[in-house]
Amino acid sequence: MNNTTGHAHDATAWLQLARRLQKQQLQQLSQLGELASQLSALVHMLQCERGASNIYLCSGGLLYTAECRAGGALVDERLALFYASLERARAVAGSALCWRIARAVDELAQLPALRAQIGRRQIAAEAATEQFSRVIRHLLNIAPQLNDSIDDPPVAGRMVALYSFMQGKELVGQERALGALGFTRGEFSDSLRQQLVDRIDGQQPCFDSFQALGSPATVQLFRTQCHAGLDIEQLRRIACTRQPAADGGETALRWFWPANPTA
């Protein structure tokens with residue numbers, strides 16, 4: 001009888017431990033989820049600043065001057081929120097995640113110098129694009145590492161879906177930045193055209209992975225809202241098959257900010 005009582009006590013202790021661990025895991029998931037959300041928002045604003053900077057540089061400073069300043073300010077707002085979420089996630093971060101965060105933070109520290117070069121037009125659009133893309137790449141590298149701290153398979157799957165979506169969206173962003181360069185200049189070199197085609201071709205596998213792992217509601221929203229519109233498809237064909245007309249950047253503005261923006 002005493003032996004049975006002892007086992008019952010052990011079971012109660014294990015149940016209590018399970019509840020404590022579950023509570024800790026939920027708190028951990030909340031912190032990691034917030035970090036992923038802030039990461040995604042920061043990357044989006046960096047993508048906008050990258051494209052605006054391209055138009056500004058390629059137009060010789062005639063276009064998107066105000067948009068560049070506004071884009072930088074919006075990035076800085078998101079950056080403050082991102083840093084705050086990093087602090088809250090510090091207690092649950094593993095060593096591999098910390099390494100990736102450190103590299104991303106180091107790249108983010110280079111933004112003021114890059115903006116100063118852009119403002120003085122002392123950097124080529126291609127070089128500015130590469131620097132923005134490098135910052136974004138290191139930020140995106142954080143996302144897969146978040147899964148190391150998640151032992152809930154459905155949640156881990158959603159995190160992979162988010163990463164796949166962000167990868168695809170970054171390829172869309174690079175396509176926008178490269179297209180803005182060509183349309184603003186009124187010329188697509190063979191090299192630039194190939195880079196554009198590579199970005200377009202790389203998007204679908206990322207979005208296929210996202211649709212396979214994302215929640216039904218999110219996937220449905222993507223299918224109804226996130227496809228290139230007719231205007232973008234027409235501009236893609238121009239960029240990939242012939243030289244655009246020299247129109248003082250009008251087509252570049254349509255390309256970068258279409259009337260009916262989608263993916």
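**Exercise 1.** How many disulfides does a search of the whole structure find?

*Solution.* The model is a predicted one, in which local features need pLDDT of at least 70 and side-chain atom pairs count only at pLDDT 80 or more, while totals for chains, interfaces and linings use all residues. Residues are numbered from 1 along each chain as its sequence is written, and side-chain values use heavy atoms, with hydrogens and water left out. Taking a disulfide as a pair of cysteine sulfur atoms within 2.5 Å, the search of the whole structure returns 0. For C58, the closest cysteine sulfur belongs to C68 and lies 11 Å away, which is too far for a bond. For C206, the closest is that of C226, at 14 Å, again too far for a bond.

**Exercise 2.** Determine whether C58 and C206 are buried or exposed.

*Solution.* Buried means under 20% relative accessible area, exposed over 50%, and partly exposed in between (1.4 Å probe, protein chains only). C58 counts as buried because its relative accessibility is 17%, and C206 likewise because its value is 14%.

**Exercise 3.** Describe the surroundings of A177.

*Solution.* Next, its relative accessibility is 0%, so A177 counts as buried. Then, leaving aside neighbours within four places in sequence, A177 is in contact (heavy atoms within 4.5 Å) with R50, N54 and T129. T129 is itself among the buried residues of helix 5. Finally, G51 is 126 residues from A177 in sequence, yet their C-alpha atoms are 4.6 Å apart in space.

How values were computed: Helices (H or I, at least four residues) and strands (E, at least two) are DSSP runs, numbered from the N terminus.
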